[in-house]
Structures are given as C-alpha cells and as structure tokens.
Amino acid sequence: MGFMVNTQNEGGSGNHSWGCLRNLVRRKQVDSSNGKAETHHHQQLAKALTFPHLIAIGVGSTIGAGVYILVGTVAREHSGPALAFSFLIAGISAALSAFCYAELSSRFPSAGSAYHYSYICIGEGVAWLIGWALILEYTIGGATVARGISPNLAMIFGGEDCLPIILARHQIPGLDIVVDPCAAVLVFIVTGLLCLGVKESTFAQGIVTTVNVCVMLFVIVAGSYLCFKTGWVGYELPTGYFPYGVDGMLTGSATVFFAYIGFDSVASMAEEVKNPQRDLPLGIGLSLLLCCLLYMMVSVVIVGLVPYYAMDPDTPISSAFASHGIQWAAYLITLGAVMALCSALMGSILPQPRILMAMARDGLLPSFFSNVNQRTHVPINGTITTGVCAAVLAFFMDVSQLAGMVSVGTLVAFTMVAISVLIVRYVPPDEVPLPSSLQENSSSHVGISSSSKQPLLCKANASIVDKEKAQGGWVLNKENRRKLAGWSIMFTCIGNFLLSYAASSFLLPGLLRYSLCGVGGLLLLVGLIVLSCVDQDGARHSFGHSGGFICPFVPLLPIVCILINMYLLVNLGAATWARVSVWLVIGVFVYIFYGRRNSSLVNAVYVSTAHVQEIRRTSGHSLA
C-alpha cells in the first residue's frame, strides 16, 4: 500500500470548495531532529541567547509601568487589602499558559511563537489569524507604551513645560490631534538598537530592567520599614481583608492578569537560544515567577502603608510614600516607571520581526520580511518596518483607546497554544509535507494512499482479548482512539466557549443563560473525562525535539487554561471586538489574495510520519 497523498489535487474541479477548505487545515512539518524541514535556503538567526538573556527579555517585557498605577485602582475598586491575593490568582492563571508555552517552545524551537505552533498542530487558517492578530498586538502595544513614556519623563524634569520643545507634545492647529515627538524618537532609538544584534539589544534591555527591579525593591524594603514602624495601618480595618467579598478579589484578578502578559516574548526568541530545551522553559517559568513575587510584595507593602480607600488612583505608590514624609521617593518611582516603559517598548518591538519572518518563510507574507542581515543576524527589514509603523502610530494617535486590542491577540494566542498542547498529546499530525527535494526520489516507489475503514470498536488480538475479557473484552484501536480524542478536544473547546459566554452575559434571559451554562459545562466535563480515560498518543515522544519540558496535569491544565482565556476574551467588550474584527477581516482578504496562493504548502505532498525515515533512507541510498 502506498503512503503518499497530494492534498492539492484531490477531487478535481468539482471539489474546488473542499480544496479551499483543505488549505485552511494543511499543516507544516516540524523542524525536528527526526525530520528536519527544508530550511537550508533560509537565512538563519544567530544562536546567541542564554538563560540570563531570556530572563531579561521575560521580566522586561512583562513588568510595565502599569503596576505603578494598577495597585491603586484595583485596591480601591475591587480587592481592598486582598490585592496580593488578586495578583497571586492572576499569576497562577498566567502560569497555566506559561506551562503550555514551555512545552511547545522546547518541542518546536523556531521563530514564530504561537503562530508557529498553530501552523504545526492546527492548520494554516488558524495560524494565519494568530500571526495577523499578533502583528496588531505588538504594533499597537509598542505605540501605546511609547506614548506613555513622555508624561513620566516630563515629571522627572519638573512638568510637561520643562521638556525640550522638540520633544514636548503639541496639538496640531485645527485638528484634534496631539503629536508626541518624544514617543516617536524613542521608538526609532529602540529600533536602531534592535538592528545592532539580538545580544546587544538584550544586554541593554537587561540594564534597563535591572534599574526597574531595583526601584521596585526599594519600594518593598523602604515600604516594609515604614509599615513596621506604623503598624501596618492598611490592614487594621473593621471591613476585614475582603471588603468587596471574594467576587471583588476575583474581579481584581481578571484586571491584573494583563500585567503578566509579556512572558510569551521569550518563546518568540526560540530560534536564537543556544540550548532551547533547557533554557526556554526556565526563562519562561522563572521570569513569570519573579514578576509574580515582585507584584505581590509591592501590593502587600502599599496596602499596608495606606488604607485601600485612601489610595491615590493615579499615583498610589508615590502618594503612599509622600503621606509618610518621603516626597523625594516620587522621583525615584517615576524613574522606575520610565525604565519599565522603555523595557516594555523593547519587548513589544522585539518579537514582531520574528513573527513576520516566520510568516514570510512559509510564503504567507512577501519574502521581503524573511531577509536576515548577514552581519548582525537580525531580520532587518521586519525590524525597520515594525519600528516605522509603531513610531507613526505613537506620533500621531492617542492609542490608549486601542489598548484593548492588544489583549485580544494575546488571549487568542494563549488559547491556541493550550489547544496545541492537547493536539500534540492526543492527536499529533500523522502526515507531514515531504520536502520537494525528496518528492522526485520517492515518487518512483510510492503511490497515492488509500484510507482503510475500521470500526470504532474492534476485537483486539487473542492475548489482549483474554486479558481484557473480564473488563468487557473490547478496546479502542489506534485510529479510532485518535478520532475519539479529536472529537473530545472539539467538544471541550465548544463547552468552554458556551460556559464563558453564558457566565458573562448578564442580559440574557435567565432560562437561556442557565441552559447554556448547563450545556457548556456538560460538554466540558464529558470531554475532560474522555481525555482523562484514553491513552495519549505514543507518537508524541518523537514529534518535535525530545528531551524538553513536559507540561504536567494534561488534559486538566490546558483545559482550565482555555477556559480562563476564553472568559477573559468574552469580557473584553463589544467595542474592542468591533475594532479587532475590522483588522481580522482585512487579514482574511490578504490571506485569500496572497497567502493562500503563495504558501509553501501549495503543492505539498503529504507522507505518513511512519514512512518519513524510510523515504529519507531510500533517497539517501539513491543519491549515493
């Protein structure tokens, strides 16, 4: 029986619509030691990063200036003295996604992050939307961060009027547009630094991040001294630790969850890490742990300095120290905020050229973006394009209203990464595209595959039947175990969405809302039980690079991760989704008219993974 199938030429013109649908689910091959993709013609990035570099990228991209403001807003409106618990719960929720990223980044250590994983595990259509959403996320994220630097920088110099005229904000006469030259200049500086090389830019980011962490440590140490001196007055309240109840604390957790976004930038650097199987999981996990500890300790101290209801929502930390007679601390804290924003700006611009490069390598974007500078080993065209777009946005637009769009790309990526973990464990792709260099050599002794139909339940061999007879005597064969697991994963995702939507839609009629909750919960529970009972696919051990991090508590951990991310997605608001939908519709047209036709998988011939090594061995003999 043959084992090659050409997915593009099946069915003739009568099945053109089915062929278009097949385009959306075609998957690329993982570049593993067991079957390396044909990437020799691509210019490779430099293997220059080690564990300390990844910590600098992870912490620097995660800790922005938001924490200097967020503690006051969340404590006043949601959590009260339980603010640290809100950060803890949000950190645990983010850690679920971090576990999934840690496994996939060490298993598939190439540029592209969630886009790359989705393309391998789910298909081209979903991967395109993930990549397109991440482009929006990093561009708007960089512009938003840059726009926030100039007000903080002005505070260090004594006010907005003290900044040089060339850097100060100006309103264009006759237009409701406030331009920010300082933001644009900073974006160009960061872009130039990133063009020098990944090791140089990461070293600079490490210095800036170190200054920010030192400021946070000052807040913790000096604040703790003042708290012990004054008796932790913020906790001596008649309302107790939960003035808004447990619901308020959980609402605060949903708000501060976005303070943990940024560790995924580590995964986007996978191709440039010297030892990805060891360093990527450590970089992702420890950077997230360090951020969580810093957030919690700052929260404990600030709530202890000032009662939650008396906090300044705009400058909670500076005001807390000023209330104890330390006005000069405001300058140090503002310096920390500026350093945090500069580091976050680098973390926003750094990953996008890698995603553009990965999409261009796959043919979904023009090859212009796949060019890597021979001297610096940086995707120079993508870096400059990203910097120019972010600088223009930061100069002309007040992008604060678009900040919610950043969260959509991140949460969708988190969701797809968790789904990819389930796919890798239970239904890893059993067909891979054969490199074009091997197709001619293998075509002489292989033919078009024909699929055999087998019953869902089949009699096992005699020894197994005897062994299982006491338990019923029937076992799932491999093919239908994969089908059962695949349907269970789909039901789990549908159940997660229905449960999240019903739990968040308070305007729905009560009967409909509870019915949706019931159906969603039932689908989720059934999927979880089935996945817990069936065996994981044995092919997972050889799918991708082996020896890396293995996500624990599968399938429970990825399913809970999907539920949390879907709940947050549903709660982003209609206005945010309306704006994102416009961008996604543009992306659909770009894919239809360019990406679909230029994909590297247009004429791909898919081969059973069980026969890849045989084809390579036969091809090697024939070449010899």
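**Exercise 1.** In which helix does Thr202 lie, and is Thr202 buried or exposed?

*Solution.* The structure is a predicted model, in which local features need pLDDT of at least 70, side-chain atom pairs count only at pLDDT 80 or more, and totals for chains, interfaces and linings use all residues. Residues are numbered from 1 along each chain as its sequence is written, and side-chain values use heavy atoms, with hydrogens and water left out. Start with the helix: Thr202 belongs to H8, residues 198-230 (helices are DSSP runs of H or I with at least four residues, numbered from the N terminus). Next, take the relative accessible area, which is 2%, so Thr202 is buried (buried means under 20%, exposed over 50% and partly exposed in between, with a 1.4 Å probe and protein chains only). Finally, leaving out residues up to four places away in sequence, Thr202 touches Leu49, His53, Ala56 and Ile57 (contact means heavy atoms within 4.5 Å).

**Exercise 2.** Describe how helices H7 and H13 pack.

*Solution.* First, H7 (residues 181-196) and H13 (residues 329-349) pack at an angle of about 60 degrees, and their axes are 10 Å apart (axes are lines fitted to C-alpha atoms, for helices over the stretch in contact, and angles run from 0 to 180 degrees between N-to-C directions). That angle makes H7 oblique to H13, a class that holds what remains once angles under 35 degrees (roughly parallel), over 145 (roughly antiparallel) and 65 to 115 (roughly perpendicular) are set aside. Then list the residues that make the contact: Leu186, Val187, Val190, Thr191, Leu193 and Leu194 come from H7, while Leu345, Met346 and Ile349 come from H13.

Key: Helices (H or I, at least four residues) and strands (E, at least two) are DSSP runs, numbered from the N terminus.
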